[in-house]
Amino acid sequence: ERGLIEGESAQRETVADVCVRSSAAYATAKRTDWMIEWPGQVVLCIGSLYWTSQTEEALSTGTMPAHQKRCADQLMDIVEKVRGQLTKLQRKTLAALVVL
């Protein structure tokens with residue numbers, strides 16, 4: 001039982017580390033490239049965090065029209081990426097983002 005608890009703790013630390021590294025990469029990489037370089041759940045998590053932060057900022061500064069355009073442009077970038085050459089896993093990750 002102790003080994004299972006230690007394994008679970010290590011898994012949590014690993015997931016947290018991957019999320020931190022992915023978040024840092026999001027800020028510097030092209031979004032569509034970033035999305036196919038990280039695990040799907042991490043992409044959904046970090047992408048949602050950034051979307052929430054950007055939406056809150058747009059609401060507080062009154063820049064929702066510009067934010068809406070940026071979101072629409074990002075969605076079209078994903079659609080274009082899906083139409084290109086991707087692995088099955090990359091395609092599934094991007095499809096999940098389009099649906100979300």
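Is Cys71 buried, partly exposed or exposed? I looked up its accessibility first: Cys71 has a relative accessibility of 21% and counts as partly exposed, where buried means under 20% relative accessible area, exposed over 50%, and partly exposed in between (1.4 Å probe, protein chains only).

**Basis of the entries.** I am working from a predicted model, in which local features need pLDDT of at least 70, side-chain atom pairs count only at pLDDT 80 or more, and totals for chains, interfaces and linings use all residues. Residues are numbered from 1 along each chain as its sequence is written, and side-chain values use heavy atoms, with hydrogens and water left out.

**Confidence.** I noted a mean pLDDT of 91 for the chain, with 99% of its residues at 70 or more; pLDDT is the predictor's confidence in each residue, from 0 to 100. Confidence is highest in helix 3 (residues 40-61), at a mean of 94, and lowest in helix 5 (residues 88-99), at 81. Helices (H or I, at least four residues) are DSSP runs, numbered from the N terminus.

**Cysteines.** I searched for disulfides, taken as pairs of cysteine sulfur atoms within 2.5 Å, and the count is zero. Cys45 is in no disulfide, its nearest cysteine sulfur being that of Cys19, 4.5 Å away. Cys71 is likewise in no disulfide; the nearest cysteine sulfur, that of Cys45, lies 17 Å away. I recorded Cys45 as partly exposed, at a relative accessible area of 35%.

**Helix 3 against helix 4.** I found that helix 3 and helix 4 (residues 64-83) pack at about 155°, their axes 8 Å apart. Axes are lines fitted to C-alpha atoms, for helices over the stretch in contact, and angles run from 0 to 180 degrees between N-to-C directions. Helix 3 is therefore roughly antiparallel to helix 4, a term for angles over 145 degrees. On the helix 3 side I listed Trp51, Gln54, Thr55, Ala58 and Leu59, which meet Met64, His67, Arg70 and Cys71 in helix 4; contact means heavy atoms within 4.5 Å. The residues of this contact divide into five nonpolar, three polar and one charged.

**Gln54.** I then turned to Gln54 in helix 3, which counts as buried at 19% relative accessibility. Leaving aside neighbours within four places in sequence, Gln54 is in contact with Tyr26, His67 and Arg70.

**Arg91.** My last entry concerns Arg91, in helix 5, which is partly exposed with a relative accessible area of 32%. Not counting residues up to four places away in sequence, Arg91 touches Val82, Arg83, Gly84 and Leu86. The C-alpha atoms of Arg91 and Met64 are separated by 30 Å, the two residues being 27 apart along the chain.

Note on methods:
Helices (H or I, at least four residues) and strands (E, at least two) are DSSP runs, numbered from the N terminus. Angles under 35 degrees count as roughly parallel, over 145 as roughly antiparallel, 65 to 115 as roughly perpendicular and the rest as oblique. Ala, Val, Leu, Ile, Met, Phe, Trp, Tyr, Cys and Pro count as nonpolar, Asp, Glu, Lys and Arg as charged, and the others, Gly among them, as polar.
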